[in-house]
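Keep the structure in view while reading.

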Amino acid sequence: MTQVLIAAVVIGVTGLLIALLLGFAAIQFKVPVDEKEIAVREYLPGNNCGGCGYAGCDALAKAIAAGEAPVNACPVGGAAVAEKIGAVMGVESGDAVKMVAYVKCAGTCEKAGIKANYYGISDCKRAAAIPGRGDKACSYGCLGFGSCVEACQFDAIHVREGIAVVDKEHCVACGKCIKECPNGLIELVPYDAKYAVSCSNKDKGPKVMAVCDTGCIGCGICAKQCQFDAITLENNVAHIDQTKCKGCGACAAKCPKKVILAH
């Protein structure tokens, strides 16, 4: 019986010492926690998409709490989340314009010329790395293999009739599809943009018409029609400055190739 009591006492004392040591270590090596960072993280959606430019929601919360990122930096959360985070940080959330991805190509299977039959791996970057860059005659257009589709976490982009098309109701402007497109066809435009140019071919008119029925020929008619100086020609392709565009539709109405489409 004595030995049992001694063993119990030894175990009890040992446990008490370990508990005291752990408690001391916890106090001594405690890492300071920013309460604002915790509060900000609670409001972030947790998609960890990287659309904000940070590694994930934890990294963004830390950056916002430290004042290194704006409170409206999360493209997924949008204005609602920005307002809540702004309240935590004690600042105005600002007027965040909802952005969505847009594919600057209208070269569907019906409209784009075909130069060969492609039997390689269905991946845009790999197809773009080989001579010929896929099966379409236009080397600037959508390859149509859906690498952007695979990259999207929100089921917001799909390949239809040979080109990628964005469902702007599901798009959160995370930018992953932009990084995946080897031809640089995808850009962010305001959700409420009225019109956008659906072409990226930088060649001059005759070469464009030889490979696609709906390519921009760089004629400049759209720019001449615009009363708001919102359209310019850049590398033989029309470009709309969405901050100036009033959505009047004059450019789309006069475009001979019908490459300026309602968004």
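Contact here means heavy atoms within 4.5 Å. The model is predicted. On that criterion, the buried residues of α3 pack against α2 and α4. Those buried residues of α3 are Cys57, Leu60, Ala61, Ala63, Ile64 and Ala65. Buried means under 20% relative accessible area.

After α3 comes Gly67. The phi of Gly67 is positive, near 80 degrees.

## α2 against α3

Two packed helices are described by the angle between their axes and the distance between the axes. Helix α2 covers residues 35–43 and helix α3 covers residues 57–65. Their axes come within 8 Å and cross at roughly 130 degrees. That angle makes α2 oblique to α3. The crossing of α2 past α3 is right-handed.

Which residues meet? From α2 come Lys36, Glu37, Val40 and Arg41. From α3 come Cys57, Asp58, Ala61, Lys62, Ile64 and Ala65. By class, this contact of α2 with α3 holds five nonpolar and five charged residues, with no polar ones.

## α2 against α4

The axes of α2 and α4 come within 9 Å. They cross at roughly 170 degrees. Angles over 145 degrees count as roughly antiparallel, so α2 is roughly antiparallel to α4.

On the α2 side, Lys36, Ala39, Val40 and Tyr43 take part. They meet Val81, Lys84, Ile85, Val88 and Met89 in α4. The contact of α2 with α4 has seven nonpolar residues, two charged and no polar.

## The aromatic pair

Ring centres within 6.5 Å make a pair. By this rule the count comes to one aromatic pair. Tyr118 and Phe145 form it, with 4.9 Å centre to centre and 45 degrees between the planes. The pair is tilted.

Where do the two rings sit in the chain? Tyr118 lies in the loop between β1 (99–103) and α5 (124–129). Phe145 lies in the loop between α5 and α6 (147–151). The pair therefore ties together parts that are 27 residues apart in sequence. Both Tyr118 and Phe145 are buried.

## Pro70 in its loop

Pro70 sits in the loop between α3 and α4 (78–89). Is Pro70 buried or partly exposed? Pro70 counts as partly exposed, because its relative accessibility is 49%.

Pro70 and Glu92 are 22 residues apart along the chain. Their C-alpha atoms are separated by 9.9 Å.

Conventions:
Residues are numbered from 1 along each chain as its sequence is written. This is a predicted model: local features need pLDDT of at least 70, side-chain atom pairs count only at pLDDT 80 or more; totals for chains, interfaces and linings use all residues. Side-chain values use heavy atoms; hydrogens and water are left out. Axes are lines fitted to C-alpha atoms, for helices over the stretch in contact, and angles run from 0 to 180 degrees between N-to-C directions. Helices (H or I, at least four residues) and strands (E, at least two) are DSSP runs, numbered from the N terminus. Angles under 35 degrees count as roughly parallel, over 145 as roughly antiparallel, 65 to 115 as roughly perpendicular and the rest as oblique. A crossing is left-handed if the near helix is turned anticlockwise from the far one by less than a right angle, and right-handed if clockwise. Ala, Val, Leu, Ile, Met, Phe, Trp, Tyr, Cys and Pro count as nonpolar, Asp, Glu, Lys and Arg as charged, and the others, Gly among them, as polar. Rings of Phe, Tyr and Trp (its six-membered ring) pair if their centres lie within 6.5 Å; planes under 30 degrees apart count as stacked, over 60 as edge-to-face and the rest as tilted. Buried means under 20% relative accessible area, exposed over 50%, partly exposed in between (1.4 Å probe, protein chains only).
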